Amino acid sequence: MIVSTPIYASLPKASPVPGGVARVPLASWSADSLPPQAWWGERRLLVKVEDGQWVALVGLPLDTATGSHTLRLGGLTDKNSIDFVVADKYYPAQHIRLKDNSKVEISTADLARVNSETAKIQDLKKHWRDAGQTDTQFVLPADGKLSGRFGLRRYFNGQARAPHAGFDIAVPRGSAVRANAAGIVLDVGDYFFNGKTVFVDHGNGLLSMYCHLDRIDVAVGQTVDKQQTLGLSGMTGRATGPHLHWSVILNGAMVDPELFINHSASKR
Ligand SMILES: [Zn+2]
């Protein structure tokens, strides 16, 4: 009997929808060649060899238009483009009541802070560091129950706000928050909405972000191992209770962290 291996057995799972990851085979490149450079618009893409073939992993922002998109391959002598298709996805709504209305109706003073933090986060998301290998098979960064899926269309005290661009894990204050993969601490900060936050750079445009921490135990530039403790969970920033908000960023796009986790592991 012939047992066929799935073409893309490894993570992240293919999910070519807004907020997901498209896997685009780069069939014209030989697997033993140097890594091809693949671009989507101005964003450089993570490429990996899987099952003897180069594949580009394209992080798709939640506001990606459905339909056909084009990826460019850039080399010194070879240039071509490959189309891929983004399908629609429905994300449910979530209504949240916050006692502290100052985190919903932002005062003029707070707005200046929020705007400068938003700009800083946008810059961090674009970070690129060349790395030989990028581990795209993540471990859950905390031991707890899933309390908020990625992509929920959020309403705070009845008002529409940005969709939920991460994955929430309910954990008591003071629980260990661990790196989902090895990397380098890109930034630490204390944000109006995200509270105490750690960004980890996994290389080649793949980043992770851990929010609402009670305490941060790492410093910028520090190398961290997979599962190394980054700090302790809490509810700093805009949070209704202690939990870890975990985001994954690929080529500048916030994508669904569940795609990087084995299914069995996400069903806790
Ligand atoms: Zn969250």
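Predicted model: local features only at pLDDT ≥ 70, side-chain atom pairs only at ≥ 80, totals over all residues.
Colleague: Thanks! Which residues coordinate the zinc ion?

Modeller: Donors are N, O and S atoms within 2.8 Å of the metal (3.2 Å for Na, K and Ca), and water is not among the atoms, so sites may look incomplete. In sequence the donor residues follow the spacing H-x3-D-x76-H. At 2.0 to 2.8 Å, the zinc ion is coordinated by NE2 of His164, two OD atoms of Asp168 and ND1 of His245.

Colleague: What is the arrangement of the 4 donor atoms around the zinc ion?

Modeller: Four donors count as tetrahedral if all angles lie between 85 and 135 degrees; four count as square planar and six as octahedral if opposite donors are over 155 degrees apart and all others between 65 and 115; anything else is irregular. Here the 4 donor atoms subtend angles of 52 to 159°, which makes the arrangement irregular.

Colleague: How many residues apart in sequence are the parts that Asp168 and His245 tie together?

Modeller: Strands (E, at least two residues) and helices (H or I, at least four) are DSSP runs, numbered from the N terminus. Both Asp168 and His245 are buried, where buried means under 20% relative accessible area, exposed over 50% and partly exposed in between (1.4 Å probe, protein chains only). Asp168 lies in strand β12 and His245 in strand β19, so the pair ties together parts 77 residues apart.

Colleague: Which residues form a cluster with Trp246 through ring pairs?

Modeller: Contact means heavy atoms within 4.5 Å, and leaving aside neighbours within four places in sequence, Trp246 is in contact with residues including Phe138, Phe167, Tyr210 and Ile261. Rings of Phe, Tyr and Trp (its six-membered ring) pair if their centres lie within 6.5 Å; planes under 30 degrees apart count as stacked, over 60 as edge-to-face and the rest as tilted. Ring pairs link Trp246 into a cluster with Phe138, Phe167 and Phe260.

Colleague: How many aromatic pairs does the count come to?

Modeller: One of them is edge-to-face, Trp40 with Phe84, at 5.9 Å centre to centre and 65° between the planes. That pair links strand β2 (residues 37-40) to strand β7 (residues 79-86), 44 residues apart. Trp40 is buried at 16% relative accessible area, and Phe84 is buried at 6%. By this rule the count comes to 7 aromatic pairs.

Colleague: What is the angle between the planes of Tyr91 and Phe150?

Modeller: Tyr91 lies in the loop between β7 and β8 and Phe150 in the loop between β9 (145-148) and β10, so the pair ties together parts 59 residues apart in sequence. Tyr91 is buried at 9% relative accessible area, and Phe150 is buried at 4%. The pair is edge-to-face, with 6.2 Å centre to centre and an angle between the planes of 70°.

Colleague: Which strands stand at the edges of the open sheet of 3 strands?

Modeller: Two strands pair if DSSP finds at least two bridges between them. The order is β8-β10-β11 with mixed pairing, and 2 bridges join β10 (residues 153-156) to the antiparallel β11. Each edge strand has a single partner, so one side of each is left without a neighbour in the sheet: these are β8 (93-96) and β11 (159-160).

Colleague: Last one: what is the phi of Asn157?

Modeller: Most residues other than glycine have a negative phi. Asn157, found in the loop between β10 and β11, is buried with a relative accessible area of 16%. Although Asn157 is not a glycine, its phi is positive, about 45°.

Definitions and conventions. Residues numbered from 1 in each chain as written. Heavy atoms only, no water.
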